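Subject: Structure handover

Hello,

Here is the structure I promised you. Please open it first, then read my notes below.

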Amino acid sequence: MSKQHTGVWCGVVWCEEQLLHFCYQLFPPNLGSMEHSLKRKSPEKGDNLLLNSFSLDDLNEDLLERVLSWLPTSSFFRLTSVCKRWKSAAASVSFKLACSYIPSRDPWFLMVSPSLNQSIVFDAAENSWKKLNHLRLPLEDSNINCMPVAASGGLVCYRKLSGNFVVCNPVTGSSSELPPLHFPSENQPLNAVVMSTTFRDQTSYKIVLVFGELPNLLFKVYDSSSCCWEDETALRREVDDNSIDCDSIDDDHVVYFLSKAGTVVASSMQRSPSKQYSSVIITDKDGQEMVYFLSSSGTVVACNLTSRCFFEYPRLLPVFSEYSIDIVECGGEMLVVLLSEFLESTSLRVWKYDDPNRCWQQIAAMPAAMSQEWYGKKADINCVGSGNRIFICLNSPELCTYILCDLVTNNWTELPKCCMNGEVMEFMSAFSFEPRIEACV
């Protein structure tokens with residue numbers, strides 16, 4: 001048997017075993033009569049007997065599609081190799097509808113390499129690297145001409161060199177280019193690009209852009225339901241008794257200082273191209289849409305789209321400190337990841353803003369034995385959140401490492417190197433999305 005046929009056969013056996021397991025969980029059989037006929041039967045043997053006597057052919061189409069929808073996304077493409085019935089079910093509209101009722105899927109992290117070749121993902125469910133064979137952007141735009149800038153649900157948003165945007169499902173490869181976007185002025189810098197999708201309706205999404213120079217900020221929204229960009233809206237600075245006192249409110253200009261090594265360092269942030277719009281969108285407990293982004297000097301700016309106002313958070317470190325910073329969304333909250341050096345040591349910590357006390361609170365920290373490896377390496381961090389996990393890309397001229405942090409257990413795991421065709425791949429950043437075949441554009 002050839003390696004190709006062996007791989008297909010293993011995939012078929014794996015799918016069948018998984019499906020039988022899911023069937024037994026979803027539709028537990030009645031053991032009443034069997035318990036009288038089998039004496040002193042262990043539960044494990046009873047389970048195996050039931051599974052071996054159960055046939056998927058006994059399920060009607062609706063139940064089969066319901067069971068298939070619970071399989072990991074990576075196995076969907078193996079379904080067509082099992083039998084004609086499964087192939088037909090996997091291609092049906094009702095199967096995609098069944099998939100849409102799955103509450104959540106373990107994330108895939110779309111990796112961004114220096115060459116902007118967006119075809120590698122890290123599968124958090126299987127803890128392995130995968131190459132996407134279905135990612136195909138519009139023919140007139142090669143991957144090099146498109147850069148991922150945001151992701152939500154099962155979709156990823158790319159920005160072209162022309163400034164227009166393309167929304168794509170990396171799993172199925174379907175894509176759609178949005179209507180041309182015209183900024184009110186060429187001198188208006190783009191600060192944030194965020195994307196949000198509806199949980200049950202994977203075909204509905206919004207893209208929000210925040211642009212302008214502080215304190216003159218504006219935002220613009222694309223709504224897929226209307227297929228058009230809305231008019232830009234100005235954001236006013238929130239200044240009242242309840243606003244956050246921020247020492248950096250007027251210092252968003254470049255500050256130059258001497259580093260410990262005696263070199264001149266600029267306080268303006270130098271980020272990898274794909275994360276220059278590092279930002280997140282969150283709907284808070286009051287139902288207000290909030291967009292957070294990093295200013296050019298490293299402060300966190302919060303934009304309330306509902307109230308049409310913005311404010312700045314206090315700095316975590318003084319402007320003359322050397323550090324790398326990024327923001328993520330985890331569990332519906334905005335968090336800050338900070339890599340800094342102090343007294344011959346390096347620390348990587350996660351911070352959350354405590355509104356009642358108006359201060360930053362540390363919620364997680366990388367073990368010192370791990371973070372010390374980065375002392376003096378002048379590393380840059382690019383992070384993305386997913387649920388209770390943070391995917392961290394650490395890059396320096398000497399090292400390149402990927403860390404997965406579990407905020408619940410404070411477990412920091414270094415991921416294995418990604419090798420494709422015998423070559424070790426290096427990535428600058430990552431974007432998190434749920435692999436959903438039902439998400440369409």
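Start with helix 6. Its buried residues pack against helix 4 (61-68) and helix 5 (84-90). Bear in mind that this is a predicted model.

Which residues of helix 6 are buried? Helix 6 covers residues 93-100, and F95, A98, C99 and S100 are buried there. An α-helix has 3.6 residues a turn, so residues three or four places apart point the same way.

Now zoom in on one pair. Strand 5 (residues 155-160) and strand 6 (residues 165-168) are joined in the antiparallel sense over four bridges. Take C157 as an example: its bridge partner in strand 6 is V167.

Last, the cysteines. A disulfide is a covalent bond between the sulfur atoms of two cysteines. How many disulfides does a search of the whole structure find? The count is zero.

Two cysteines are worth a look:

- C405 is in no disulfide; its nearest cysteine sulfur belongs to C330 and is 8.1 Å away. C405 counts as buried because its relative accessibility is 0%.
- C418 is in no disulfide either; the nearest cysteine sulfur, that of C419, is 6.8 Å away. C418 has a relative accessible area of 0%, so C418 is buried.

Best wishes

Notes
Residues are numbered from 1 along each chain as its sequence is written. This is a predicted model: local features need pLDDT of at least 70, side-chain atom pairs count only at pLDDT 80 or more; totals for chains, interfaces and linings use all residues. Side-chain values use heavy atoms; hydrogens and water are left out. Two strands pair if DSSP finds at least two bridges between them. Helices (H or I, at least four residues) and strands (E, at least two) are DSSP runs, numbered from the N terminus. Buried means under 20% relative accessible area, exposed over 50%, partly exposed in between (1.4 Å probe, protein chains only). Contact means heavy atoms within 4.5 Å. A disulfide is a pair of cysteine sulfur atoms within 2.5 Å.
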